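Good morning, colleagues. Please turn to the sequence and the structure that I am about to show.

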Amino acid sequence: MSQLPAFLTLYRELIATPSVSCLDPHWDTSNKAVIDKLAGWLTTLGFEVTVNELTRQQGKFNLLAKYVPSGSNGKGGLLLAGHTDTVPWDEGRWTKDPFQLHEADGKLYGLGSADMKGFFAFVLEALRGLDLAKFNKPIYVLATADEETTMAGARELAAFGELKPDFAIIGEPTSMTPVTMHKGHLTEGIRVTGKSGHSSNPAGGVNAIEIMHDVITGLRELQRDFQRSYHDANFAVPYPTLNFGNIHGGDAANRICACCEMHIDLRPLPGMAMDELYGLLDAKLKPLQQQFPNAICLEHLHEAIPGYKCDPDSAIVRLVQEVTGNSAEPANYCTEAPFVQDLGCQTIVMGPGSIAQAHQPDEFIRLDEIAPAQHQLRQIITRVCGPTLASQA
């Protein structure tokens, strides 16, 4: 363990290693270098490490490290999870090098310092001070790829085989406040294909913009259906939402528009099945599709991310509320929680740093957050993998 670098060195090396995920190939970067660093450090701590290349995304990798104490039966335990990728950076808005950890004004600046490569430095530091051989339950560390784009890494956890921890903590920046629910996320493209022609004879073509107007009318009805039929008072916006994000169509005022495309964003409540949501969407489009055969096409711009909810009275929620003193809250953003929860474990989202810093120029974490978060993580690991909470799983 003496070979493990100091905490700030861990942090500095993680920040200095680019791992941007972006649908634009100009920005997109492999996360392999980050995975290799984590693999080396976790091996130093005595963990058995497995690295898998994604089938969905070649050149991107997931890591699972496990420590199974000799006195353990190898079942249950705690999973500490995070994503290794960051979003791109706004080159004109950062005042510091995003890949150089910079300390100033009581803060550590750097891309991924909060969201969320820095979490792995916290995990390693917490593990460094523990005698893992005396624990009763396994400890796992999961590092995934492409959370910021497709969540491809979180969708391939089955590749690690029989992974069934009792509890999981996903270290997104929540200021160490446990998040126990969030909505899902779908991004859909709707393309209308008409027939071009001269504007002086509207009957000589099929105007895609006019059909899209009817599509929007139907989807506005769906917005109202959401408000009438679905409700979860835990959220500030207590119903599923549908947002019209962008629309493009036509090329000249004197031509009948032959193509119009719109992108929409849907945020389903936890518990809503994706098939149910797509069924509601299809039902609104079906009459128009029958009226204009082959003109309206729906395209999934990414695989759906379902909503997530953890039982507020579960053992892990009670524990982290006791340790941190913070009450559980919902979140407005999406995480890998529904995919981790599918492993069959009680799952929460909680980590150091503020979500207000996520995706922001000059991203930072406050220095005064570091010691308390390290202490709380160490307490949680000890209590979950010792006899007290583990016996209640």
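Predicted model: local features only at pLDDT ≥ 70, side-chain atom pairs only at ≥ 80, totals over all residues.

I begin with the helices. Helix 4 covers residues 208-229 and helix 5 covers residues 274-291. Their axes come within 9 Å and cross at roughly 145°. The crossing of these two helices is right-handed.

Which residues of helix 4 and helix 5 meet? Helix 4 contributes D214, V215, G218, L219, E221, L222, D225 and F226. Facing them from helix 5 are L277, L280, L281, K284, L285 and L288. Sorted by class, this contact between helix 4 and helix 5 comprises nine nonpolar, one polar and four charged residues.

The largest pocket has a volume of about 570 Å³. Its lining is made up of 25 residues, and those closest to the centre are E147, E148, T149, H185 and H359. By class, the lining of the largest pocket holds 10 nonpolar, nine polar and six charged residues.

How much space lies in the second largest pocket? The figure is about 170 Å³. Here 13 residues form the lining, and L23, Q57, D146, T150 and A152 lie nearest the centre of this second largest pocket. Its lining divides into three nonpolar, five polar and five charged residues.

To close, I would ask you to keep two places in view: the right-handed crossing of helix 4 and helix 5, and the largest pocket, with H185 and H359 among the residues closest to its centre. Thank you for your attention.

Key:
Residues numbered from 1 in each chain as written. Heavy atoms only, no water. Axes fitted to C-alpha atoms, helices over the stretch in contact; angles between N-to-C directions. Helix = DSSP H or I, 4+ residues; strand = E, 2+ residues; numbered from the N terminus. Left-handed = near helix turned anticlockwise from the far one by under 90°. Contact = heavy atoms within 4.5 Å. Nonpolar A, V, L, I, M, F, W, Y, C, P; charged D, E, K, R; others polar. 1 Å grid on protein atoms, 1.4 Å probe; cavity = no way out; pocket = protein on both sides within 12 Å on 5 of 7 lines; lining within 4 Å. Points joined across faces, edges and corners; volume = space filled by probe spheres on them.
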